[in-house]
Amino acid sequence: MKDKILMFFGFILSSIAYLIFVKIVSQNSSPEFWGQFLLDIGLATILSVASFEWIKNYYSRFFIKKIEGKIATCVIAFSLLALLMAGIFGYWNLCVLIISISIYNIFLQWLRCRGKGKRMALFVLFRWGMLIMGTLGILHAGRHELLYPHFLISALVSVLFFLPWGQVHLMVVKPKECWEMIKYGGGISVSTLASTSVVMSDRVLLSAAFGAGAVASYSSTFDLVQKAVLMPFMVYNFIFFPKFVSFGKWEYPRLNIVWVVAILLICSSSLIFLPKIFTAFFPAIYDESLYDVLKLCCFIVLFQAYKAFYLDHYYMIKKRSAMILTLAISLLSIYGILLFFCGIATPIDIYFYMLYSYVIICLVSLIFICLKGGRVQFFTHSLHFYC
């Protein structure tokens, strides 16, 4: 339990550190640079999921002795491949962001599987501390382009600093083993990729239709709402459910209903307090015209949390991972259809279509679950999940 509490505070502090990072960059750079940086982060996140997510998925499920050596080999090999592709096509900034995001997330997953709560919390704080301090120096010197390599350097230094030397050795990965990793983690990775594409799509669409300045305002709003509102759900998902243990066994913890009430109160209060807090804390980004967008983003994140942390987990418990993939592909399809037939006249249209997509997929899934399993069975699974 002590390790879980340490992980909890580590994630809370990482969200606070992210807000500080956004405040520093947004107030010390032009909207165009900040918008382009957010766009690059969004694209890198999508490509990171496509390239590295299957490694993390395989690691989470089949955590056995010495497998970390093979995971390390795969990460290094794919990082070198990413550098080679960057050299060929010239997308160096995007490449370093992909590698930094992937290495950071995979090492975080390794610490989680190991149950190293204290080391994980220190790792998160150390990395964000390096990132913030380095960013202050970079922006003060006016060398904004150095922010990209600094992301990679901070991730690498943090991993190397907290890596338990002597416990991880590089191991040869046979093509058959690599294929098994891809085959296992591929389906879940496609699901994550579809969901990530929806969440990150606003940056690409805003940049294409309205320029980088719109990304700086609207995507920052959406990003910050996600960090604030999703945090209770992320802590619950990442720490308490499900707990992966050695040899692929599952443990379904019984979470007290008090936690659920606390999460609902936090999410509800965000609709009232977030506009005032964000406007006061980020005057360079927020103004009166973004109030409606911020509130709309709160509703999007609430339905996003319901889909990710209830529906996906419901089918995970039922061992029907194909349904998780179906939900994600359906969400992306509905969103794409709305964008194609309705068009984008204003930036807020993007978020309306995103909200409609989440509402449709959540309502249809809820009706399907109730009709197929019945009210009693549905609530039985709900109580098993929440209590």
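Start your tour by selecting Arg143, which counts as partly exposed because its relative accessibility is 42%. Buried means under 20% relative accessible area, exposed means over 50%, and partly exposed is in between (1.4 Å probe, protein chains only). The side chains of Arg143 and Glu145 meet in a salt bridge, 2.7 Å from N to O. A salt bridge here is a side-chain nitrogen of Lys or Arg within 4 Å of a carboxyl oxygen of Asp or Glu.

Before you click on, some ground rules. You are looking at a predicted model, where local features need pLDDT of at least 70 and side-chain atom pairs count only at pLDDT 80 or more, while totals for chains, interfaces and linings use all residues. Residues are numbered from 1 along each chain as its sequence is written, and side-chain values use heavy atoms, with hydrogens and water left out.

**Next stop: the other salt bridge**

How many salt bridges does a search of the whole structure find? It finds two. For this stop, select Asp223 and Arg203, whose side chains meet in a salt bridge at 3.4 Å, N to O. This pair links distant parts of the chain: Asp223 sits in helix H8 and Arg203 in helix H7, 20 residues apart. Helices are DSSP runs (H or I, at least four residues), numbered from the N terminus. Are Asp223 and Arg203 buried or exposed? Both are buried.

**Over to helix H4**

Select residues 92–114, which is helix H4. Its 23 residues reach 33 Å from the first C-alpha to the last, close to the 33 Å expected at 1.5 Å a residue. That expected span is 1.5 Å times one less than the number of residues. H4 is mostly covered, with 19 of its 23 residues buried. Zoom in on Leu108, which is in H4; Leu108 counts as buried because its relative accessible area is 7%. Then pick Lys56: Leu108 and Lys56 are 52 residues apart in sequence, and their C-alpha atoms are 9.7 Å apart in space.

Show helix H6, residues 147–162. Its 16 residues reach 23 Å from first C-alpha to last, close to the 22 Å expected. Buried residues in H6 include Leu147, Phe151, Leu152 and Ser158. Now find Val124 in helix H5 (residues 117–140), which counts as buried because its relative accessibility is 1%. The C-alpha atoms of Val124 and Ser158 are separated by 8.4 Å, although these residues are 34 apart along the chain.

**Last two clicks**

Go to Ile369 in helix H13 (residues 347–386). Ile369 is buried, since its relative accessible area is 2%. Leu311 is 58 residues away from Ile369 in sequence, with 9.3 Å between their C-alpha atoms.

To finish, select Leu81, Leu84, Met85, Ile88, Phe89 and Tyr91, which make a nonpolar surface patch of about 660 Å². Patches are made of residues with over 30% relative accessible area and no salt bridge: like charges are joined within 9 Å, nonpolar side chains (Val, Leu, Ile, Met, Phe, Trp, Tyr) within 5 Å. Leu84 belongs to helix H3 (residues 67–89).

Terms used: Accessible areas come from the Shrake-Rupley method with a 1.4 Å probe; for residues, only the protein chains shown count as cover. Helices (H or I, at least four residues) and strands (E, at least two) are DSSP runs, numbered from the N terminus.
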